[in-house]
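Try each task before reading its solution.

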Amino acid sequence: MNNLRKLAAAGMSVALSASMIGCTPAIGAGSRNAMSVDGYDVPAGLFIYYTLQGYSEASSQLQQKNGTVPTVDDVKGANIEETDSTDWIQNKATKYCKDFVAVQREFDLIGGELTSDEKNEAVDMAEYYYAQDARLADNGISMDTMKLMAESSYKEQKIFEYYYGFEGEKGCSEEELKEYFNDNFARVKYVSISLLDSEGNKVTADQERTLRKKAEDYAHQINDKYREIDKMHEVDAVQEDYDEYVESQTTTAVEPTVIEETTTTAVEETTETTESTTTTTDPYANERIIQKNTTTTASEDSSEDTETTAVDTEDADYKFKEFVFNTLELDKATVYDYDDSTIYVVIRGDLHERMTEDDYWTESYIQYLQSMRYTEDFTKYLEEKADALSLEKNKSAYRRYAPFKLELEAET
């Protein structure tokens with residue numbers, strides 16, 4: 001339902017190996033409006049826009065299925081989900097047009113208004129995406145249509161905030177959202193100790209015992225500190241000691257392994273280890289925020305949030321997150337075998353400590369968490385509204401702007 005996503009999807013041309021040359025359609029009097037949805041006349045430009053998006057999605061599905069980039073003729077001759085490609089694409093375009101009208105109707109219902117800044121930002125957005133895809137102009141889609149789309153994205157956000165914000169009837173309180181944040185994210189800090197030598201080979205058994213003993217000593221060193229903030233600083237001291245150890249091992253130099261998902265960048269390395277000096281440096285340097293595992297994840301190639309792909313539960317990073325969320329105690333440094341070649345000395349801090357207005361409880365974080373928690377419900381809500389709207393198609397427009405009468409590739 002998110003028009004921002006639809007703008008991006010339509011703006012990304014699918015790389016195709018064959019071109020289709022045709023006449024650029026002109027929006028005439030008999031086909032100026034493609035349909036009427038709940039009495040709202042949907043302009044042909046909007047229908048064409050969504051037809052282009054439907055074509056891109058059809059092409060993407062065929063590419064995923066066959067492993068090769070389809071030509072226009074390939075898409076034209078295909079059945080998608082047991083439906084002729086022309087009908088499938090136009091069904092998609094029709095659905096998206098109804099979604100668009102549902103947003104307009106709901107925005108009016110809540111008495112929504114866009115600020116002048118939001119309207120100006122919508123213009124900038126429209127101009128940006130219009131410049132990204134030459135097919136838009138080639139198919140007679142005007143800048144006014146793009147502005148309608150962009151403004152609709154802002155309207156959709158307003159509707160979401162109305163229902164799912166802190167004051168919304170379908171949302172939650174600020175405290176409840178903080179608990180949701182704490183349940184689904186964790187702040188961790190760790191030292192990664194490699195069990196490989198400088199050539200990438202597993203170290204000897206004696207060397208591994210030495211490294212494991214060092215890891216246990218590091219954990220004890222961190223846990224000897226009393227306050228959480230001092231424990232977090234001590235991880236930096238441990239990291240420094242380990243780096244010096246690695247540098248000293250000229251015949252067994254190793255490189256730390258880093259898990260991919262991080263959101264906190266290192267700020268400053270602590271060089272002091274005493275209780276009296278640790279509080280003078282950044283308490284959050286080198287911390288990482290990780291997100292709790294889910295059993296499925298949205299497909300990157302999918303335009304719909306409902307399409308998911310299975311997650312590899314045997315993946316080392318997946319297992320590490322399971323350990324952090326289900327086993328690792330707060331404020332207790334622990335040695336963890338990340339994989340056959342890496343062990344961590346890891347500690348988990350209290351995420352609530354960072355839920356402040358100048359850290360992880362800014363407006364942008366709040367909006368992100370609300371979106372994460374309620375987007376699925378919001379999408380379902382708007383789709384139900386869209387499905388309930390009456391529809392009257394302009395058959396002339398559907399014929400005139402059939403997918404394979406359009407310019408489906410930008411001219412090079």
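Contact here means heavy atoms within 4.5 Å. Keep in mind that this is a predicted model.

**Exercise 1. Describe how helix α5 packs against helix α7.**

Solution. Two packed helices are described by the angle between their axes and the distance between the axes.

Step 1: Locate the pair, with α5 at residues 116-132 and α7 at residues 143-164. Their axes come within 8 Å and cross at roughly 130°.

Step 2: Classify the angle. Angles over 145 degrees count as roughly antiparallel and those from 65 to 115 as roughly perpendicular, so α5 is oblique to α7.

Step 3: List who meets whom. On the α5 side the residues are E118, K119, E121, A122, V123, M125, A126, E127, Y129 and Y130. Their partners in α7 are M143, M146, K147, A150, E151, Y154 and K158.

Step 4: Sort this contact by residue type: ten nonpolar, seven charged and no polar residues.

**Exercise 2. Is I110 buried or exposed, and which residues is I110 in contact with, leaving aside neighbours within four places in sequence?**

Solution. Step 1: Find I110 in the loop between α4 (85-109) and α5.

Step 1: Check the relative accessible area of I110, which is 16%. Buried means under 20%, so I110 is buried.

Step 2: Look for contacts beyond those sequence neighbours: I110 touches K158, I159, Y162 and Y163.

Step 3: I110 and Y162 are 52 residues apart in sequence, yet their C-alpha atoms are 7.7 Å apart.

**Exercise 3. In what order do the four strands of the open sheet lie, and which helices lie across β5 and β10?**

Solution. Strands of a sheet pair through backbone hydrogen bonds, either parallel or antiparallel.

Step 1: Read off the order, β6-β5-β10-β9, with antiparallel pairing.

Step 2: β6 (288-291) and β9 (334-339) each pair on one side only. From one strand to the next, the twist averages 50°.

Step 3: Zoom in on one pairing: β9 and β10 (residues 342-349) run antiparallel and are joined by five bridges. Here D339 stands opposite T342 in β10.

Step 4: α8 (residues 174-184) lies across β5 (185-194), β6 and β10, at about 20° to β5. α10 (residues 228-248) lies across β5 and β10, at about 25° to β5.

Key: Residues numbered from 1 in each chain as written. Predicted model: local features only at pLDDT ≥ 70, side-chain atom pairs only at ≥ 80, totals over all residues. Heavy atoms only, no water. Axes fitted to C-alpha atoms, helices over the stretch in contact; angles between N-to-C directions. Helix = DSSP H or I, 4+ residues; strand = E, 2+ residues; numbered from the N terminus. Parallel < 35°, antiparallel > 145°, perpendicular 65-115°, else oblique. Nonpolar A, V, L, I, M, F, W, Y, C, P; charged D, E, K, R; others polar. Buried < 20%, exposed > 50% of the residue type's maximum accessible area, 1.4 Å probe, protein only. Pairing = 2+ DSSP bridges.
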